[in-house]
Amino acid sequence: MQRSLSSLRLAALLLALAGAGLVQAQDKPAAAVLAPNANLVVQGIPAVPQSLADAVAAYADFRGHGFVSWHPTQREMLVSHRKAGANTSQLYRLASPMGELEQLTDSQDPVGGATYEPKHGRYIVFARATGGNEVAQLYRLDGKGKEPVLLTDPDQRHALNGWLHNSSQLLFTSVPLDRTAQGGSRAQVMTQLWIMDPEKPEAKRKLTEFPGGGWGVGSISWDDKQVALTEYVSAAESRIWIMDLATGEKRQVLPAAGQTERASYSPAGFTHDNKQLFITTTKFSEFREFGRMTLADGKLERLDSGLPWDLSGGTITEDGKTLALQFNIDGRDELRFFDAKSFKPLPAPRLPAGSVGNARYDKQRNELMFSLDSAQGPGQIFSVDKAGKVQQWTKAYAPPSIDTAKFGDQQIVRWKSFDGRQISGLINLPPADKFPGKRPVLINIHGGPEGQSTMGFIGRNNYFVQEMGIAMIQPNVRGSTGYGKTFLDLDNGFKREDSVKDIGALLDWIATQPNLDASRVMVVGGSYGGYMVLAVSTNYSERIVGAIDIVGISHFVTFLNNTESYRRDLRRVEYGDERDPAMKEFLDKISPLTNAAKIKKPLFVVQGKNDPRVPYTEAEQIVAKVREQGTPVWYLRAENEGHGFQRKENQDYLFYSMIGFMQQNLLKR
């Protein structure tokens with residue numbers, strides 16, 4: 001009897017508490033939530049409902065293919081792909097068009113560049129870094145199921161540079177890391193150039209070394225006697241050197257030694273007689289063009305395509321007769337074909353619609369491989385033979401519940417900035433029949449700054465447009481590539497905040513559009529785009545409802561002090577040299593951390609712990625400063641990521657959290 005009375009009293013108490021909202025009634029179990037994985041540090045972010053993750057999962061599972069390398073003797077290739085259920089992209093062998101993929105690598109880290117051994121394709125050499133640290137190491141893979149063989153020194157960062165033509169010897173560069181230096185920083189960075197037979201890595205030989213971190217091999221002569229080197233100074237300035245492989249002697253050829261001309265020069269391949277070098281350059285006009293230099297006398301010939309847009313890539317047939325060149329035409333990469341000797345245009349085969357990614361001729365058949373993506377889907381691989389026949393090699397995966405054919409094409413929009421200059425960007429509009437009236441706006445700012453928002457598939461962002469009714473604008477503010485070298489220089493040094501004013505002008509333009517809601521605007525961006533997001537938050541706080549900063553710079557001086565040394569001088573050219581007192585004062589004055597008190601709207605900060613470019617301390621200091629003044633801050637840090645999230649499980653949690661942030665701040669009226 002006593003036990004029964006106690007049970008009744010307990011039941012009554014529980015009912016009373018439930019009625020007061022202090023406990024969950026038994027017939028209403030707590031909603032399930034998605035726990036973050038063990039590598040995520042989550043601060044201030046509300047729990048993600050499992051129902052949300054389930055509802056939007058399809059938009060996180062688009063899977064395309066990237067071309068990596070042609071086999072040297074067979075009609076097959078290496079492609080990169082993320083298979084169903086996997087976290088990262090890996091290498092696959094594709095033996096025939098639309099054939100089954102054969103997985104070659106399996107790692108927690110994504111695989112970067114790769115290449116077949118060039119004579120017979122006996123093995124593969126690929127690059128891979130760990131945990132997003134960008135410290136790429138080279139590995140040899142002898143076949144499916146084999147354990148990759150480490151070829152390089154883990155205390156240095158490496159890059160594949162190319163094979164000699166007449167032997168299976170590989171050229172690669174290495175750069176020492178700050179963590180191997182006394183005090184954790186290097187006053188002087190050197191790039192070393194090596195040659196190696198990957199089957200005998202212990203016999204690798206250092207050919208030479210160069211001052212600075214911006215060096216790489218652009219081309220190797222057909223007789224394997226010379227290499228054309230690129231010395232990268234900035235996006236607007238680079239030089240070409242020729243080095244004798246036998247002696248190590250090198251000479252600057254473009255611009256000629258002693259000249260102070262500021263232009264971009266990059267080698268694009270030797271002619272078959274080894275007497276001339278194809279190049280790309282901004283010497284002749286606002287845009288990057290094709291040229292040809294005679295090595296004996298340094299004479300440079302302009303090869304005018306007639307297109308007032310940047311040359312963005314190219315490939316030449318093994319017989320040296322045909323050029324396939326890519327041009328960035330107002331944000332969409334297109335192919336054009338030319339006779340390599342006369343540079344006369346050639347008839348172009350009819351290609352599928354989309355923006356061209358990688359393109360490469362094979363060695364045996366003069367068959368051109370190219371990848372395409374579009375607003376309707378991620379990367380797919382095609383080839384076109386000498387007769388102009390196009391063949392599809394891969395088909396991108398989209399979940400059956402989503403009809404990507406209904407995704408609308410991006411449109412180009414243009415507006416006038418504070419100084420009368422025209423700025424442009426891309427807009428994705430939600431379906432009008434589903435979302436009538438004025439739409440909230442997400443301004444998505446690219447990184448770089450020497451980057452460009454281009455036409456193509458927007459992946460998970462389609463959910464914001466198609467299901468949340470948000471209009472997404474991707475501006476190409478001054479300093480972006482693709483619009484000429486003058487435009488590229490307009491944000492350098494003391495002109496840094498002019499690019500932020502371009503976003504202010506965009507906010508003015510949004511207010512004039514009948515289908516856009518200027519009272520509901522959010523900004524998002526990564527890397528330099530993250531800085532722009534923070535700068536918009538300090539300069540235009542009253543005109544936005546929130547901001548998402550992904551691996552962004554919060555203070556230019558601390559960024560320049562702490563970024564990896566091999567990047568520091570290259571960034572000083574763009575942002576300014578903090579060692580100059582006037583520049584340091586300016587950089588401190590405009591940095592978001594200095595102006596954090598002006599950030600009044602909710603902020604979401606995302607960071608990878610292993611980021612060598614923008615160290616995680618940039619995120620931590622802005623999070624702490626903004627929280628001090630009581631502004632809401634969400635913070636998400638991944639312990640196994642670097643400059644952006646590459647693992648799907650981390651990308652997914654960020655995606656779900658961004659949806660929650662937008663629901664809470666952007667979609668509210």
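## The largest cavity

Ser234, Ala235, Ala236, Arg262, Glu450, Leu488, Asp489, Asn492, Val573 and Glu574 line the largest cavity of this structure, which is a predicted model. The volume of the largest cavity is about 70 Å³, and the structure holds three cavities of 30 Å³ or more. Rolling a probe the size of a water molecule over the atoms is what shows where empty space is left.

## The sheet of nine strands

Nine strands form an open sheet, and, read across the sheet, their order is β2-β38-β37-β36-β35-β33-β34-β32-β31, with mixed pairing. The edge strands are β2, which covers residues 40-43, and β31, which covers residues 411-416, and each of them pairs on one side only. From one strand to the next, the twist of this sheet averages 20°.

Within the sheet, strand β33 (residues 439-445) and strand β34 (residues 471-476) run parallel and are joined by three bridges. A reader who wants to find this pairing in the model can look for Leu442, which stands opposite Met472 in β34.

## Two helices on the sheet

Helix α5, made of residues 496-511, packs on the sheet and touches β31, β32 (422-428), β33, β34 and β35 (516-526), while its direction makes about 105° with that of β31. This helix is mostly covered, since 12 of its 16 residues are buried. The buried residues of α5 include Arg496, Asp498 and Asp502, as well as Val500, Ile503, Leu506, Leu507, Trp509 and Ile510. As background for reading such a list, an α-helix has 3.6 residues a turn, so residues three or four places apart point the same way.

Helix α10 (residues 617-628) lies across β2, β36 (546-550), β37 (603-608) and β38 (633-638), and it runs at about 160° to β38.

## The sheet of four strands

Another open sheet, of four strands, has the order β27-β28-β29-β30 with antiparallel pairing. Because β27 (355-361) and β30 (390-392) stand at the edges and have a single partner strand each, one side of each is left without a neighbour in the sheet. The twist here averages 25° from one strand to the next.

Strands β28 (residues 368-374) and β29 (residues 377-384) run antiparallel and are joined by six bridges, and a hairpin connects β28 to β29 through two residues. Along this pairing, the bridge partner of Met369 is Ser383 in β29, and Leu372 stands opposite Gln380, also in β29. On to the next strand, β29 and β30 pair in the antiparallel sense over three bridges, with Ser383 standing opposite Gln391 in β30. Strands β29 and β30 likewise form a hairpin, with five residues between them, and Gly388 in its turn has a positive phi of about 90°. Strand β29 is mostly covered, as eight of its eight residues are buried. In a regular strand, the side chains alternate between the two faces of the sheet.

Trp393 lies in the loop between β30 and β31. Is this residue, Trp393, buried or exposed? Its relative accessibility is 0%, and therefore Trp393 counts as buried, given that the cut-off for being buried is under 20% relative accessible area.

Leaving aside residues up to four places away in sequence, Trp393 touches Trp70, Arg75, Glu76, Met77, Leu94, Ser96, Pro97, Met98, Gly99, Ile381, Phe382 and Ser383. Ser383, one of these contacts, is the residue that stands opposite Gln391 in β30. Trp393 and Gly112 are 281 residues apart in sequence, and their C-alpha atoms are 21 Å apart in space.

## A further hairpin

Strand β22 (residues 289-294) and strand β23 (residues 300-303) run antiparallel, and four bridges join them.

Terms used
Residues are numbered from 1 along each chain as its sequence is written. This is a predicted model: local features need pLDDT of at least 70, side-chain atom pairs count only at pLDDT 80 or more; totals for chains, interfaces and linings use all residues. Side-chain values use heavy atoms; hydrogens and water are left out. Two strands pair if DSSP finds at least two bridges between them. Axes are lines fitted to C-alpha atoms, for helices over the stretch in contact, and angles run from 0 to 180 degrees between N-to-C directions. Contact means heavy atoms within 4.5 Å. On a 1 Å grid over the protein atoms alone, a cavity is a set of points where a 1.4 Å probe fits but cannot get out, and a pocket is an open set with protein on both sides within 12 Å along at least five of seven lines; lining residues have an atom within 4 Å of a point. Grid points are joined across faces, edges and corners, and a volume is the space filled by probe spheres set on the points. Buried means under 20% relative accessible area, exposed over 50%, partly exposed in between (1.4 Å probe, protein chains only).
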